[in-house]
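Take a look at the chain below. We will go through it step by step, from the overall layout to single pairs of side chains.

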Amino acid sequence: MITYREIDSSCLDEYDKIPMLVNVKSILKLEKIENGFRRILLKKLQPKNK
C-alpha cells in the first residue's frame with residue numbers, strides 16, 4: 001500500500017537520495033489546428049541524444 005503525506009522542506013535531503021533517472025524515447029508536442037474548434041494535433045518528436 002502507498003501512503004501519501006504532506007511534507008515540508010526539511011525532508012528534501014531524503015528525497016535527494018532517490019535516483020530520478022528516466023529514459024525518454026519520444027516527446028509529444030501539442031499544436032493548435034488553424035480554424036479548428038478546440039482541436040489539437042499531437043506531433044511525435046525524437047529527443048536529442050547527449
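Helices and strands are DSSP runs, numbered from the N terminus; a helix needs at least four residues and a strand at least two. Keep in mind that this is a predicted model. Read along the sequence, its pattern is α-β-β. That is one helix and two strands. Helix α1 covers residues 12–15. Strand β1 spans residues 27–32, and strand β2 spans residues 40–45.

Now step back to the overall shape. What radius of gyration would a compact globule of 50 residues have, and what does the chain have? The globule would be near 10 Å, but the chain has 19 Å. Along the principal axes, the C-alpha atoms fill a box of roughly 50 × 30 × 25 Å. K32 and E6 are 26 residues apart in sequence, and their C-alpha atoms are 37 Å apart in space.

Next, the surface. How many of the 50 residues count as buried? The share is 0%. To be buried, a residue must have under 20% relative accessible area. The chain exposes about 6000 Å², and carbon and sulfur atoms supply 54% of that area. K32, in strand β1, has a relative accessible area of 76%, so this lysine counts as exposed. I7 lies in the segment before α1. At 32% relative accessibility, I7 is partly exposed. Together with Y15, I18 and M20, I7 makes a nonpolar surface patch of about 400 Å².

Finally, the charges. The chain carries 11 positive and 7 negative side chains. The centres of these two sets lie 15 Å apart. Side chains of opposite charge can pair when their charged atoms come close. How many salt bridges are found in the whole structure? There are three.

One of them joins E14 and K17, with the closest N and O atoms 3.3 Å apart. K17 is exposed, at 62% relative accessible area.

E31 takes part in the other bridges described here. E31 meets K29 at 3.8 Å, N to O. E31 also forms a salt bridge with K43, where the closest N and O atoms are 3.7 Å apart. This second pair links distant parts of the chain: E31 sits in strand β1 and K43 in strand β2, 12 residues apart. Shared partners join K29, E31 and K43 into one network. Each member is partly exposed: E31 at 24%, K43 at 37% and K29 at 41%.

How values were computed: Residues numbered from 1 in each chain as written. Predicted model: local features only at pLDDT ≥ 70, side-chain atom pairs only at ≥ 80, totals over all residues. Heavy atoms only, no water. Rg over C-alpha atoms; globule rule 2.2 N^0.38 Å. Buried < 20%, exposed > 50% of the residue type's maximum accessible area, 1.4 Å probe, protein only. Areas by Shrake-Rupley, 256 points an atom, 1.4 Å probe, with all protein chains shown as cover. Lys, Arg positive; Asp, Glu negative; His and termini not counted. Charge placed at Lys NZ, Arg CZ, Asp CG, Glu CD. Patch = residues over 30% accessible without salt bridge, like charges linked within 9 Å, V, L, I, M, F, W, Y side chains within 5 Å. Salt bridge = Lys/Arg side-chain N within 4 Å of Asp/Glu carboxyl O.
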